[in-house]
Structure formats: C-alpha cells, structure tokens
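Reader: I would like a close look at one part of this model, namely the aromatic rings and how they pair.
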Amino acid sequence: MATTFSRSIRSYCTRSFRPLIQKYPSFVNNFAVSSRCITTSEPFYGSPREGKKPLSPLQSISLAIYSATGAFLDPERHDMVAALAEVTGSVALQKMHRDMLTDPTGRRILSDKPLVNTDSIDIKALEELPKNTFGYAYAMFLRKNGFDPDERALVKYIPDEELAYVMKRYRQSHDFFHVLTDLPPTVLGELALKYVELFQTGLPVCALSVSAGSMKLSQEERRQLVKQYLPWAIRVGKNNKKWINIYWEEEFQKDLKDFRLELGIDVAPKMK
C-alpha cells in the first residue's frame with residue numbers, strides 16, 4: 001500500500017512538470033547532467049527579479065528542477081520548497097483564487113489582503129484570551145515551538161499579484177492549520193498536514209514534500225503516515241470548507257472546540 005501510494009505521489013509530481021519537460025526535452029536532459037550537485041550559492045537562473053518579472057519557460061524549468069532536486073536531497077531546505085511551490089503551483093493557485101472569488105469571505109480576504117505577522121496581530125493580546133479560544137491556542141503554539149509569524153518565506157517567483165497573495169495567504173496560514181488539527185511540527189506531523197494541504201489546495205509541492213520527507217521517517221512512522229494519517233487527511237482535507245476562505249483574524253475569540261466543530265474538523269489521531 002505504502003509503495004503504491006508513494007508511486008502515485010511521484011506520478012502526480014511528474015504530471016505537474018510534464019508541459020515544460022515536453023516543450024524543452026533537450027534542455028532538461030542537459031540540465032539533469034549538470035545539476036547533480038546542489039550548492040547554496042546563487043543558482044544560475046539568478047536571484048529573484050525586482051518587480052516579480054515573469055520567468056521565461058527555460059528559467060522556470062531550471063528553477064523547478066533545481067529546487068526539486070534540492071528539496072529531495074534535503075526536505076528541510078525551506079527556500080527550495082518555497083521556490084518549487086511557486087513555479088509548479090500555477091494551476092492550483094488559479095483554482096484556489098476561483099474558490100475564493102465564489103465565497104463571500106474569500107472575496108473579502110482578497111479585497112482586504114490581510115497579512116499574518118506581528119504588525120497586524122498582537123500575539124501578547126492573544127495570550128491574554130481565555131484558554132479555550134482559538135487565539136490563545138495559536139499564541140501558545142507559537143510560544144511553545146519558538147515560531148515567529150514574520151519568518152514565513154516571501155513570494156518571489158509569481159508575477160501575478162493576485163496569485164502571489166493567494167500563495168502568501170496559504171503560507172501564512174500554516175500554523176493555524178497546526179492548531180486546528182492538533183498536529184505537532186515534527187517530521188511526521190508536518191507530512192500528515194501536507195496530506196491535508198494537498199487535498200485542500202491541489203498544490204503539487206505538497207505531494208513532493210510527502211514523497212521526499214517520508215524518506216526521513218522510520219518504517220513504523222511510514223506505516224503510520226499511510227495507514228493512520230492518510231485516511232484522516234482525506235476525510236479532513238476533501239470534505240470540509242476550503243481553509244483559504246477562513247478569515248483567521250476574525251476567529252480568535254471563538255472556542256477552539258466549537259470552531260473545529262463548525263468547520264467539520266476532527267483532530268488528528270494521536271502520534272505514538
């Protein structure tokens with residue numbers, strides 16, 4: 001089962017690259033030979049463009065393969081994962097944007113463009129909320145794990161401002177997902193959450209993250225991921241309101257249990 005699903009994940013990622021690969025096969029073959037060793041120096045496709053100038057097709061291929069290779073070699077290279085998400089996520093981001101436009105709250109979010117950072121959210125004030133609230137749970141999650149909402153990666157390679165904001169909102173909402181699902185920020189917890197995000201967003205990078213990250217798990221953890229967390233993630237990710245349409249900043253006062261019940265979210269199975 002695990003092997004079959006892992007094969008399906010790799011196939012999903014491959015389909016995401018296929019249009020570019022088919023258009024420039026010789027370039028991809030040549031690049032594959034020259035990119036066996038990934039370094040942290042500036043890649044040959046250059047630094048992020050000022051004003052988000054669109055990447056050419058060849059630059060998109062270069063960045064996609066470079067970042068995919070880097071992410072496979074080291075799933076904790078957040079810069080590689082972030083870049084890969086941007087150059088492979090166009091179709092999924094357009095779908096997410098349409099979903100927001102058809103939802104009243106989603107339209108408000110697109111209009112207001114709220115940001116999840118310490119300039120817009122008073123974390124200290126959230127720590128003073130009743131302990132049963134969503135806002136308090138979020139503040140405690142940040143404190144317990146030493147996280148800073150200002151540290152989320154910037155969107156660098158998406159020239160369309162609307163789609164760039166959708167990606168930014170998705171990234172900045174990640175810690176809220178942890179609070180709702182009660183998943184810890186461990187390797188296993190992050191991969192279980194990536195399953196949920198995959199079914200929520202359709203972003204190919206979620207599939208790649210699971211495929212690459214699962215190599216860092218023990219055999220028992222991989223069994224748990226597929227047998228225990230995958231069925232839960234399908235249920236939570238596919239059968240509920242799109243989380244991109246949640247105005248998190250307006251929900252901090254809500255009772256966390258009631259909020260989960262309202263969204264139809266059951267917490268993740270406890271990790272052994």
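Are Phe134 and Phe176 buried or exposed?

Author: This is a predicted model, in which local features need pLDDT of at least 70 and side-chain atom pairs count only at pLDDT 80 or more, while totals for chains, interfaces and linings use all residues. Residues are numbered from 1 along each chain as its sequence is written, and side-chain values use heavy atoms, with hydrogens and water left out.

Phe134 and Phe176 are both buried (under 20% relative accessible area, where exposed is over 50% and partly exposed lies in between, with a 1.4 Å probe and protein chains only). For Phe176 the relative accessibility is 0%, which is why this residue counts as buried.

The structure holds 12 aromatic pairs (rings of Phe, Tyr and Trp, the last by its six-membered ring, with centres within 6.5 Å; planes under 30 degrees apart are stacked, over 60 edge-to-face, and the rest tilted). Phe134 and Phe176 form one that is tilted, at 5.7 Å centre to centre and 45° between the planes. This pair links distant parts of the chain, since Phe134 lies in helix α8 (residues 134-145) and Phe176 in helix α10 (residues 174-181), 42 residues apart (helices are DSSP runs of H or I, at least four residues, and strands runs of E, at least two, numbered from the N terminus).

Phe176 also pairs with Trp248: the ring centres are 5.0 Å apart and the planes at 25°, so this pair is stacked. Here too distant parts of the chain are linked, with Trp248 in the loop between α13 (219-238) and α14 (256-263), 72 residues from Phe176. Trp248 is buried, with a relative accessible area of 0%. Ring pairs join Phe134, Phe176 and Trp248 with Tyr138, Phe177, Trp243, Phe252 and Phe259 into a cluster.
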